[in-house]
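I opened this notebook page to record what I looked up in the structure, entry by entry.

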Amino acid sequence: MTKLIINGGARLEGELKVQGAKNATLPILAAALLTEEPVIVYNWPAISDVYNMLSILEHIGAQVEYEKDRLVIDTRRAQRWEMPDRLAKEIRSSIFMIGPILARFRMARFTYPGGCEIGSRPIDLHLRGLKSLGVNVTESGGHIFCEGRHLRGGDIHLDYPSVGATENLMMAASMAPGQTVIHNAAREPEIIELQKVINQMGGKVRGAGTSTIRIEGRERLNGFTYTCIPDRIVAGTFMVAAVVTQGKITLRNVIPEHLFAITAKLREAGAHITVYEDALTVEATGRPKEMHLIETGPYPGFPPDMQAQMCTAASIARGTSIVVESVFDNRFKHVGELLRMGANIVTKNNVAVIKGVEKLHGAEVKTMDLRGGAALVLAGLCAEGTTIVDQAHIIDRGYQAFESELRMLGADIRRED
Ligand code: UD1
């Protein structure tokens, strides 16, 4: 069992280049199935979610080659339309594969996807959207079978602007004859990246970044080359690291616009943030101030993937902060662990009331989900004494070389496998 062992108290200082975005890379890897030509991805993050996605592609018959910065996928020989149960359970993003598999083979079979245990995370919006595109969906023995002989464009209204469902449906629709309109689509920056990629393939998608996306299906799509945008959640996590250690961190390779919601909250907490064209510096002196209300929401709202890290910052703030999780059920699993470290938090349903304490103290705590794990590492960095974060392999799903980057900034952190 992988552990991260942290001796808290070091002030983090230095400069760091932010890795490529997990949530942009994953759907774009799935999009490789929309073409029989090679696909090249630069600046990809070397994280376990990406390796799992590549294994699923290999299972389907794709050839995958990678080196440090460059990833090449060739799906010419892909022929399987069944997703491997074990891998699909590892990673929720395997659900994006359904759209491209259907577009390619007009059939797909899979089991319910896994990923972080965050609330119920159903896939009804994905399946209902596919039905609107003429796909016949049946379920038996824990497997879902999609038959798409009559895949065609259609009108879809999403009850909720789900990121994954929007991406999945964009990919299926890009090769469905006719026009598709997705109403109440998600507006995350990753959706805009997917639009760019499909258009580079010769597809026709308009409207990404707004709530209405229009797609004209094509019979054939070409290969593409894509350079991954910076990961806004990894950037946000390091921004909080600067705040809780009263340090100064400059992040290179960021898109400041993607970080507005996080920047605003951390400024409220008293951090000095200087924004450059593609970099920013976060400097903090003294304990953070309370943040009156942090409420998660679909983009451009406050990202749910930063909620846990903000709970850590609020735990040592000078007053009381309120955190409302409006996107996911059951996403406060890190709270129980923060309590072990001396935090003062009361939760009821999707609300956490956090009364800041002067210092957290080291404890043995357990990673329950990806971002919750990152939040515990942040807590360990500012706690008095030693913190052991168990099940730290879960953090590897989204952070590339997390502890060595933190060490470079001055943290006393090591890994034990
Ligand atoms: C994506 C991100 C994840 C982020 C989340 C919200 C990737 C790989 N993952 O996840 O890091 O936390 O967006 O920003 O991009 N829902 C349904 N039915 C569905 C689909 C979703 O009810 O069919 C619900 C979910 O349970 C959740 C909400 O919609 O409560 C948002 O989920 P969604 O936007 O789909 O998140 P993901 O795409 O899974």
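Before reading off any partners, I noted that two strands pair if DSSP finds at least two bridges between them. I also kept in mind that this is a predicted model.

**Entry 1, strands.** With that rule in hand, I looked up strand β5 (residues 70–74) and found that strand β3 (residues 39–42) is joined to β5 by 4 bridges, the two running antiparallel. Within this pairing I wrote down that Y42 stands opposite R70 in β5. I then turned to strand β4 (residues 63–66), which pairs with β5 in the antiparallel sense, again over 4 bridges, and here E65 is the residue that stands opposite V72 in β5. How many residues lie between β4 and β5 in their hairpin? I found 3 residues between them.

**Entry 2, helices α8 and α10.** Two packed helices are described by the angle between their axes and the distance between the axes, and I looked up both. For helix α8 (residues 232–244) and helix α10 (residues 307–315), the axes come within 10 Å and cross at roughly 5°. Angles under 35 degrees count as roughly parallel, so α8 is roughly parallel to α10. Listing the residues that meet, I had I233, T237, V240 and V244 on the α8 side, and Q309, M310, T312 and A313 on the α10 side. Sorted by class, the residues of this contact of α8 with α10 are 5 nonpolar and 3 polar, with no charged residue among them.

From α4 the contact takes in I98, G99, P100 and A103, while α6 brings N168, M171 and A172. The class count for the contact of α4 with α6 is 5 nonpolar, 2 polar and no charged residues.

I counted 6 aromatic pairs in the model. One that I looked at in detail is the pair of W44 and Y51, which is edge-to-face, with 5.8 Å centre to centre and 85° between the planes. Is W44 buried or exposed? W44 has a relative accessible area of 5%, which means that it is buried, whereas Y51, with a relative accessible area of 30%, is partly exposed. I also noted that ring pairs link W44, Y51 and Y66 into a cluster.

Most residues other than glycine have a negative phi, and most peptide bonds are trans, so I looked for exceptions. A cis peptide bond joins Y299 and P300, with omega about 5°, and P300 is found in the loop between β17 (293–295) and α10. N253, although not a glycine, has a positive phi of about 60°; N253 sits in the loop between β14 (248–252) and α9 (260–268) and counts as partly exposed, at 23% relative accessibility. N349, also a residue other than glycine, has a positive phi near 50°. I placed N349 in the loop between β19 (344–348) and β20 (351–355), where N349 counts as exposed because its relative accessibility is 71%.

Key: Residues numbered from 1 in each chain as written. Predicted model: local features only at pLDDT ≥ 70, side-chain atom pairs only at ≥ 80, totals over all residues. Heavy atoms only, no water. Axes fitted to C-alpha atoms, helices over the stretch in contact; angles between N-to-C directions. Parallel < 35°, antiparallel > 145°, perpendicular 65-115°, else oblique. Contact = heavy atoms within 4.5 Å. Nonpolar A, V, L, I, M, F, W, Y, C, P; charged D, E, K, R; others polar. Phe/Tyr/Trp six-rings, centres within 6.5 Å; stacked < 30°, edge-to-face > 60°. Buried < 20%, exposed > 50% of the residue type's maximum accessible area, 1.4 Å probe, protein only.
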